[in-house]
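Student: I am new to this structure, and I would like to get to know it step by step. Could you show it to me and then take my questions?

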Amino acid sequence: MNATDVYIWNSWLVYVLSIGVLLHYFSQQWFRENSHWQAYDWLLAGICISFLGKILDGIYWHAAWSALQNKAPSADALLADGTFWNLWFRQLPIIVASACHLRAAWLVYDEAPRRCCLIAAVALATGSIVWVITALLTGGIAVK
């Protein structure tokens, strides 16, 4: 048994536990009836979004590593496309979940609006700087 075998086995544990978390939170009253979300609602939304992203990311990489392990013809394409799908299944859910968590903090703490804006500004600035540096060092960023 190698690391890929362990990864493939553990993936199913991640899916089942993550789906359990989502079912628990989605079954709560706040999700069905609350039209004006409070901080708690935003926090739970962030948790659910991050778990959903983890499930989708895990399913994609489970398929990719299983294909590689089984020497399937699709393995090379799945691995080559992995960074594209990471944008949607790994990075986007974390960005949205983070925004939900910051919104929750905004509603609770007096200092939060200023701090949340500062966090967002720093994230955008550093992300832009890293993107420009990467583009300069690599001769451009390839987009599929």
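Tutor: Gladly! This is a predicted model, in which local features need pLDDT of at least 70 and side-chain atom pairs count only at pLDDT 80 or more, while totals for chains, interfaces and linings use all residues. Residues are numbered from 1 along each chain as its sequence is written, and side-chain values use heavy atoms, with hydrogens and water left out.

Student: At what angle do helix α3 and helix α5 pack?

Tutor: Helices here are DSSP runs (H or I, at least four residues), numbered from the N terminus. Helix α3 covers residues 39-69 and helix α5 covers residues 82-108, and their axes lie 7 Å apart. Axes are lines fitted to C-alpha atoms, for helices over the stretch in contact, and angles run from 0 to 180 degrees between N-to-C directions. On that scale, the two helices pack at about 170°.

Student: Is α3 roughly parallel or roughly antiparallel to α5?

Tutor: Angles under 35 degrees count as roughly parallel, over 145 as roughly antiparallel, 65 to 115 as roughly perpendicular and the rest as oblique. The angle is about 170°, so α3 is roughly antiparallel to α5.

Student: How many nonpolar residues does the contact of α3 with α5 have?

Tutor: Ala, Val, Leu, Ile, Met, Phe, Trp, Tyr, Cys and Pro count as nonpolar, Asp, Glu, Lys and Arg as charged, and the others, Gly among them, as polar. The contact of α3 with α5 has six polar residues and four charged ones, and its nonpolar residues number 19.

Student: Which residue forms a salt bridge with Asp57?

Tutor: A salt bridge is a side-chain nitrogen of Lys or Arg within 4 Å of a carboxyl oxygen of Asp or Glu; by this rule the count comes to one. The closest N and O atoms of the pair are 2.9 Å apart. Asp57 sits in helix α3 and its partner in helix α5, 33 residues apart. That partner is Arg90.

Student: Is Asp57 buried or exposed?

Tutor: Buried means under 20% relative accessible area, exposed over 50%, and partly exposed in between (1.4 Å probe, protein chains only). Arg90, at 40%, is partly exposed. Asp57 has a relative accessible area of 4%, so Asp57 is buried.

Student: Where is Lys71, and is Lys71 buried or exposed?

Tutor: Lys71 is in the loop between α3 and α4 (75-80). Lys71 has a positive phi of about 55° although it is not a glycine. Its relative accessibility is 73%, so Lys71 counts as exposed.

Student: How far apart are the C-alpha atoms of Cys100 and Ala39?

Tutor: Cys100 is in helix α5 and is buried, with a relative accessible area of 6%. Along the chain, Cys100 and Ala39 are 61 residues apart, yet their C-alpha atoms are separated by 8.9 Å.

Student: And how far apart in space are Val16 and Gly139?

Tutor: Val16 is found in helix α1 (residues 3-26), and at 57% relative accessibility Val16 counts as exposed. Val16 and Gly139 are 123 residues apart in sequence, and from C-alpha to C-alpha the distance is 42 Å.
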